[in-house]
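Welcome! Please take a look at the sequence and the 3D view, and then read on for a short tour.

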Amino acid sequence: MIDLVLSLMKRPEHRATTAHLGAAYPFVAQGGLGGRGVLIGYDQSGGAFCYDPWVQYGKSITNPNMIVMGIVGRAKSSLVKTYLYRQANFGRQHWIVDPKGEYAPLAAALGCTPITLKPGGTIRLNPLSAHAGPQSQLRLLIAVASAAIGRPLTPTESMICAEILATFRETGAPEPTLPRVVERLLDPRDDIAEAMRCSTSELLDNSKDLAYGLSRLCRGDLAGMFDGETTPGIDLAGLSVVLDLHHVVDSAAIGIIMICAAAWLGAAIAAEATMEGADRRNRVIVVDEAWRVLSNLACAEWLQDSFKHSRSYGVQNIVVMHRISDLQSAGDEGSRVARLAQGLLADAETKVIYAQDKAELETAERLLGLTDTERDELPNLGRGLALWIIGDRSFLVRHVLSEHELAIVDTDARMRGNTHLDDIELEP
């Protein structure tokens, strides 16, 4: 890291005649964010650019969340991986929902092993862990159930979920799992029917969609990942916790799987927040390929809730996507899901935008509040160069890699013979 800093300081000298020198104003360029935090690279004025949401909190930003977007091939994933790797030098842990299996080299570089999920596998995660607390548990069940049935839950279905979870707490039963919830949906209890002011047959009719949708995660093609209590011995103490979903990335249900994985992470964080003496270290949570989950209302609500609680948990959420229009396409114009998706922009005061297609410029200008100059720059940004918007300030930043970080970011073995890393500036 020291060598990387020194390399940035060795900028070419500037030569000018005395006639022209009088017109030069070397100090009119605005300063960066200071020298504390992770070294990203250098801004276009030539100075080193460092960033840390916990350092900037209360100065440039009021929340730590970040959105990273850019068309394919502009090195946004290289930025995210090296940012996480460098944050680990400060003892900051990261938890990642990794749909394509690209973060394994990062985990290995930090001495950690990804948690690999696949149908019929040996590792199970319980997204309904009782340790999350009643409110978080209900939000997670509604999000998972909504993803499973492909629509928002009705008020009746949401109340059924709440009553079923209450029975687990009131009877001292083992913690709820998806199979146990399905069992109670298909065999409704009289006390739940009484609380709902309906007959057990009416309760069963109202529960069937929930039961059949969640059953796919228990007995169908997605069984073996989220259909039981969490497998003992999973290490959450390492610097890198990666949920590797590459075995199911081509599944039509990848959105359901991602929200279950994210729900388990959310349950673990919520549980930690209630534990006495817990190690509440600062943490970065990454949801890659976020467009896969934003179209579901309950998932968008869960993600928004995660953004809203970032300050109380000391967490930075990072959402990674391709285009600004991914937020618009989450739902019909004016719909709640579309408003929630776009609302993530307001709840993420750090926005890193790599090159965007010209067709995206009008949307980017409107949703991001870009100046004309910033808008016009977006299609022309080269690989590794991004517009950083931090609070009400903006910077053009060139991301810089060190040689030993290449193995972390070059994760696609099929492309190693025709690498795209040549355009990224490296430490000499």
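Is cysteine 112 buried or exposed? Cysteine 112 counts as buried, because its relative accessibility is 14%, below the 20% cut-off. Keep in mind as you explore that this is a predicted model.

**Nonpolar cores**

- The largest nonpolar core has 87 residues, and Leu214, Leu217 and Phe226 are the ones that touch the most other members.
- Helix 11 gives this core its largest share, with 14 residues.
- Cysteine 112 belongs elsewhere: a second, separate core of 33 residues includes Cys112 along with Ile61, Val397 and Ile408.
- Leucine 214 is in contact with Leu141, Val144, Ala145, Ala148, Leu178, Val181, Val182 and Leu185, leaving aside neighbours within four places in sequence.
- As background, nonpolar side chains tend to be buried together in soluble globular proteins.

**Helix 7**

- Helix 7 covers residues 155-171, which makes 17 residues.
- From its first C-alpha to its last, helix 7 reaches 25 Å, close to the 24 Å expected at 1.5 Å a residue.
- The buried residues of helix 7 are Glu157, Ile160, Cys161, Ile164, Leu165, Ala166, Thr167 and Phe168.
- An α-helix has 3.6 residues a turn, so residues three or four places apart point the same way.
- What lies over the buried residues of helix 7? The cover includes helix 6 (134-149), helix 8 (178-186), helix 9 (190-195) and helix 10 (200-215).

**Cysteines**

- Cysteine 161, one of the buried residues of helix 7, has a relative accessible area of 4%.
- A disulfide is a covalent bond between the sulfur atoms of two cysteines.
- How many disulfides does the structure hold? The count is zero.

- Alanine 271 sits in helix 11, which runs through residues 254-274.
- With a relative accessibility of 9%, alanine 271 counts as buried.
- Alanine 271 and histidine 131 are 140 residues apart in sequence, yet their C-alpha atoms are 4.9 Å apart in space.
- Arginine 92 is found in the loop between helix 4 (76-87) and strand 4 (93-98).
- Arginine 92 also counts as buried, because its relative accessibility is 14%.
- Not counting residues up to four places away in sequence, arginine 92 touches Asp52, Trp54, Gln87, Leu239 and Asn282.

Methods. Residues numbered from 1 in each chain as written. Predicted model: local features only at pLDDT ≥ 70, side-chain atom pairs only at ≥ 80, totals over all residues. Heavy atoms only, no water. Helix = DSSP H or I, 4+ residues; strand = E, 2+ residues; numbered from the N terminus. Buried < 20%, exposed > 50% of the residue type's maximum accessible area, 1.4 Å probe, protein only. Contact = heavy atoms within 4.5 Å. Expected span 1.5 Å × (residues − 1). Disulfide = S-S within 2.5 Å. Core = buried A, V, L, I, M, F, W, Y, C linked by side-chain atoms within 4.5 Å.
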